Amino acid sequence: MSAVLVEVVRGSMVENRHRGAIVVVDGEGRRVAAVGEPALTYMRSSSKPLMTLPLVEQGGLEHFGLGDEHLAIFASSHAGEEEHRRVVLESLQRIGLAETALACGTHTPFDRKTADALRAAGQKPTVLHCNCSGKHTGVLAYALFKGLPIDNYFDPKHPAEVEILAAVADMAGVKPEDVVIGVDGCSIPVYGMPLENIALSFARLGLANHGTAERRKACSRIRQAMVDHPFLISGTGRLDTDLMAVTKGAVVAKIGADGVYALAVPEKGWGLAAKVEDGNMKVLGPIVLEALSQMGVLSVEQRKALAAHDRYAVKNNVKQVVGETRAAFTLEG
């Protein structure tokens with residue numbers, strides 16, 4: 001059964017409650033802490049770092065002359081800022097493709113300044129502004145590296161997608177055939193599995209001690225690329241970026257759509273996964289920061305530095321504070 005994770009207070013009354021589940025496991029899948037009953041959910045974009053594994057472990061980055069910046073953008077849900085667009089475009093150029101090869105579609109950039117600048121200039125967003133353009137470029141790179149066709153690279157039956165699924169399933173400790181396959185907002189397959197297995201996949205990513213020597217080395221490189229380039233993973237004022245920057249790599253974090261979050265704490269060997277039942281994205285900050293505080297991972301000073309993502313004010317139309325949104329759970333060992 002799901003638990004109340006966040007309360008929204010207006011005046012003296014709790015007006016809204018957001019339910020869900022959080023689970024923390026170690027690298028063997030043993031439960032460390034939890035609240036609510038972990039259930040089946042899609043990983044959504046939290047799977048992106050794991051999806052780069054076949055490319056990294058088989059030497060695809062070196063084949064195309066791609067570096068850790070490009071690897072970070074492949075693992076990202078970026079905000080469409082200029083630096084994000086630059087790295088995606090550079091990645092495409094190095095694998096010999098134009099942006100027209102991307103099947104991710106377009107949307108308004110997550111970064112408000114970038115979106116406002118486009119509107120002011122009378123310009124429309126391009127595929128490079130799409131938060132999933134890096135992921136798509138990474139899949140295209142792998143397909144080309146393997147000599148596979150790219151016209152339907154996003155089809156779940158495409159050989160590249162089959163290999164990517166196998167890598168993600170292995171990290172999560174499940175069989176590929178047991179993963180529920182859906183279609184993400186950007187047309188790439190998404191992977192449905194128990195929340196505990198999502199947590200396990202991140203514990204293993206953080207530890208970089210699972211599987212073959214090539215897989216371990218690849219996990220270590222992916223993890224390092226994320227913490228070395230946190231801005232590329234997300235963007236200005238966003239939770240993933242700020243959390244990894246403030247903790248200086250002690251936390252490796254990746255958000256997913258519809259209220260999904262996954263992270264690794266490599267020093268502890270832990271993986272955490274959270275799912276907000278109603279898909280609310282805004283409440284992920286209070287959930288993640290409270291969980292990390294209860295686990296002893298975040299210091300008081302670090303949590304203060306992340307206050308913009310924490311317990312925050314509810315304001316009315318004239319900017320008067322009329323309530324707050326706050327975490328409302330206790331992890332149980």
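Helix 7 (133-145) contributes the most to the lining of the largest cavity, supplying four residues. Helix 1 (48-51), helix 2 (53-57) and helix 7 each provide at least two residues of that lining; helices are DSSP runs of H or I with at least four residues, strands are E runs of at least two, and both are numbered from the N terminus. The structure is a predicted model, in which local features need pLDDT of at least 70 and side-chain atom pairs count only at pLDDT 80 or more, while totals for chains, interfaces and linings use all residues. Residues are numbered from 1 along each chain as its sequence is written, and side-chain values use heavy atoms, with hydrogens and water left out.

The cavity has a volume of about 70 Å³, and the count comes to one cavity of 30 Å³ or more. A cavity here is a set of points on a 1 Å grid over the protein atoms alone where a 1.4 Å probe fits but cannot get out, and lining residues have an atom within 4 Å of a point. Grid points are joined across faces, edges and corners, and the volume is the space filled by probe spheres set on the points. The lining consists of K48, M51, T52, P54, L55, F74, K135, G138, V139, Y142 and I164. These residues divide into seven nonpolar, two polar and two charged, where Ala, Val, Leu, Ile, Met, Phe, Trp, Tyr, Cys and Pro count as nonpolar, Asp, Glu, Lys and Arg as charged, and the others, Gly among them, as polar.

Attention now turns to a helix pair. Helix 8 (residues 159-172) and helix 9 (residues 195-207) pack with their axes 7 Å apart and at an angle of about 90°. Helix 8 is therefore roughly perpendicular to helix 9, a class that covers angles of 65 to 115 degrees. D170, M171 and A172 of helix 8 meet N197, L200, S201, R204 and L205 of helix 9, contact meaning heavy atoms within 4.5 Å. The residues of this contact comprise four nonpolar, two polar and two charged.

N197 lies in helix 9. Beyond its neighbours within four places in sequence, N197 is in contact with A172, G173 and V174. Its relative accessibility is 16%, so N197 counts as buried (buried means under 20% relative accessible area, exposed over 50%, partly exposed in between, with a 1.4 Å probe and protein chains only).

Two loop residues complete the account. K248, in the loop between helix 12 (239-246) and strand 7 (252-256), has a positive phi of about 55° although it is not a glycine. K248 is exposed, at 75% relative accessible area. D258, in the loop between strand 7 and strand 8 (260-265), likewise is not a glycine and has a positive phi of about 55°. D258 is partly exposed, with a relative accessible area of 38%.

How values were computed:
Axes are lines fitted to C-alpha atoms, for helices over the stretch in contact, and angles run from 0 to 180 degrees between N-to-C directions. Angles under 35 degrees count as roughly parallel, over 145 as roughly antiparallel, 65 to 115 as roughly perpendicular and the rest as oblique. On a 1 Å grid over the protein atoms alone, a cavity is a set of points where a 1.4 Å probe fits but cannot get out, and a pocket is an open set with protein on both sides within 12 Å along at least five of seven lines; lining residues have an atom within 4 Å of a point.
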